[in-house]
Protein chains: 2
Amino acid sequence: MKKSVDRLSLIKSMSQQCIAVRIRLLNRMITNIYDSALSPFGVKLNQISILVFIYLAGEVGYDALCRRLKMEKSTASRNIERMKKKGWLKIATVKAERKKALKITPAGEELLGKVQEVWEDAQEKALSLLGEEGTDVLCKIANGIWKKDKAR
Amino acid sequence: MKKSVDRLSLIKSMSQQCIAVRIRLLNRMITNIYDSALSPFGVKLNQISILVFIYLAGEVGYDALCRRLKMEKSTASRNIERMKKKGWLKIATVKAERKKALKITPAGEELLGKVQEVWEDAQEKALSLLGEEGTDVLCKIANGIWKKDKAR
DNA sequence: CTGTTATAGTTGCATATACAACTAAGCTCT
DNA sequence: AGAGCTTAGTTGTATATGCAACTATAACAG
């Protein structure tokens, strides 16, 4: 009897306290806010974040992109492929087939310009969903992870 | 000149403050913690969360599941299909073809029993990644969203 | 210089997610 | 009862994600 009671209460905490379930929920909701705001432009937040990174970095290697954005190389590979097709990115390096360096195109910069406004709207909606405190804490945690990574 | 400066600083804030990028990062890291902990059992957190919900609810309709877990019906549909195939779930209702009620199977309960330990490990790792405060805030936000939904 | 090793990037496979179009089954109104 | 409406669930398409296997190329060791 004891054992089944324990099991039940543990399963209840899996339901009531699971961190992953909660962050996944928020992830879905927030990703949605941004992706639907961006949908008129035929792009999603993920690709915008890649574009922003490349815009600021000037010319980045593949590996740097994956490390900084903490994106799996296969995800990056496929995204870059799609973005090249849409004309937002190009490969800057000619010499080496390997070690591709990525660069934003004029069309990519234009896209960034166009989405700024909807990004701001989305950011505001996300802020009101998470609240000031929640947003603050979240950003601190994420920034901490990035900083730690850079130091490495 | 002014305009391009504004653009640059806005793009910088897209890089440095975007909530979606941050929550997506944490989502990937945390999902990873749980999924790799669960991988010996051939299941991922998402399906476990469905199973837990159905276990606690006894017998649930499809719609209730989607509403409570805030899961898109197509995602739910395909997950349930896979879980039926693995024998963890079954459809309880016979009468109506529509309005399927879901029920956990003995194999499903057994699985829940087996994964409890690794779930606890993963939960602890996630806690130390987010910190006490972060976890607290996160849970409060998510629970608030659920409560609001229930009241509806 | 050549064979081995390390590394960059691609591709296959599986799950998760969302939206839209579709199907089917129950419900309602006349 | 039959026509149209509503709702449940499925399926198609696209992106995101992760792991593992593969390919091609660069670097290195002898």
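In this predicted model, the side chains of B:Asp136 and B:Lys140 meet in a salt bridge, with an N to O distance of 4.0 Å.

**Symmetry of the two chains**

- Two copies of a chain are related by a rotation about an axis and a shift along it.
- B:Asn27 touches A:Ile23, A:Arg24 and A:Asn27, leaving aside residues up to four places away in sequence.
- B:Asn27 has a relative accessible area of 10%, and since buried means under 20%, this residue counts as buried.

**Interface between chain A and chain B**

- Chain A gives 58 residues to the contact and chain B gives 58 residues.
- Of the interface residues of chain A, 100% are also interface residues in chain B, so the copies meet through the same surface.
- A:Met14, A:Ile19 and A:Ile23 supply 13% of the area that chain A buries against chain B, more than any other three residues.
- On the side of chain A that touches chain B, at least two residues each come from helix H1 (2-17), helix H2 (19-38), helix H3 (45-57) and helix H6 (106-151) of chain A.
- H6(A) makes the largest contribution to that side, with 23 residues.
- By residue class, the side of chain A that touches chain B has 35 nonpolar, 14 polar and nine charged residues.

**Salt bridges within the chains**

- B:Asp136 and B:Lys140 are four residues apart in helix H6 of chain B (residues 106-151), so about one helical turn separates them.
- B:Asp136 is partly exposed at 44% relative accessible area, while B:Lys140 is exposed at 62%.
- In chain A, the side chains of A:Glu81 and A:Lys84 form a salt bridge at 3.9 Å, N to O.
- A:Glu81 and A:Lys84 both lie in helix H5 of chain A, three residues apart, which is about one turn of the helix.
- Both ends of this pair are partly exposed, A:Glu81 with a relative accessible area of 37% and A:Lys84 with 31%.
- In chain B, B:Lys84 forms a salt bridge with B:Glu81, and their closest N and O atoms are 3.9 Å apart.
- B:Lys84 and B:Glu81 are three residues apart in helix H5 of chain B, so they too are separated by about one helical turn.
- B:Lys84 is partly exposed at 30% relative accessibility, and B:Glu81 is partly exposed at 37%.

- Most residues other than glycine have a negative phi.
- A:Lys70 has a positive phi, near 50°, and is not a glycine.
- A:Lys70 lies in the loop of chain A between helix H4 (62-69) and helix H5 (73-85).
- With a relative accessible area of 25%, A:Lys70 is partly exposed.
- B:Lys70 likewise has a positive phi, of about 50°, although it is not a glycine.
- B:Lys70 is found in the loop between helix H4 (62-69) and helix H5 (73-85) of chain B, and at 26% relative accessibility it counts as partly exposed.

Conventions. Residues numbered from 1 in each chain as written. Chains lettered and ligands numbered in written order. Predicted model: local features only at pLDDT ≥ 70, side-chain atom pairs only at ≥ 80, totals over all residues. Heavy atoms only, no water. Buried < 20%, exposed > 50% of the residue type's maximum accessible area, 1.4 Å probe, protein only. Contact = heavy atoms within 4.5 Å. Buried area = accessible area lost by both parts, 1.4 Å probe. Nonpolar A, V, L, I, M, F, W, Y, C, P; charged D, E, K, R; others polar.
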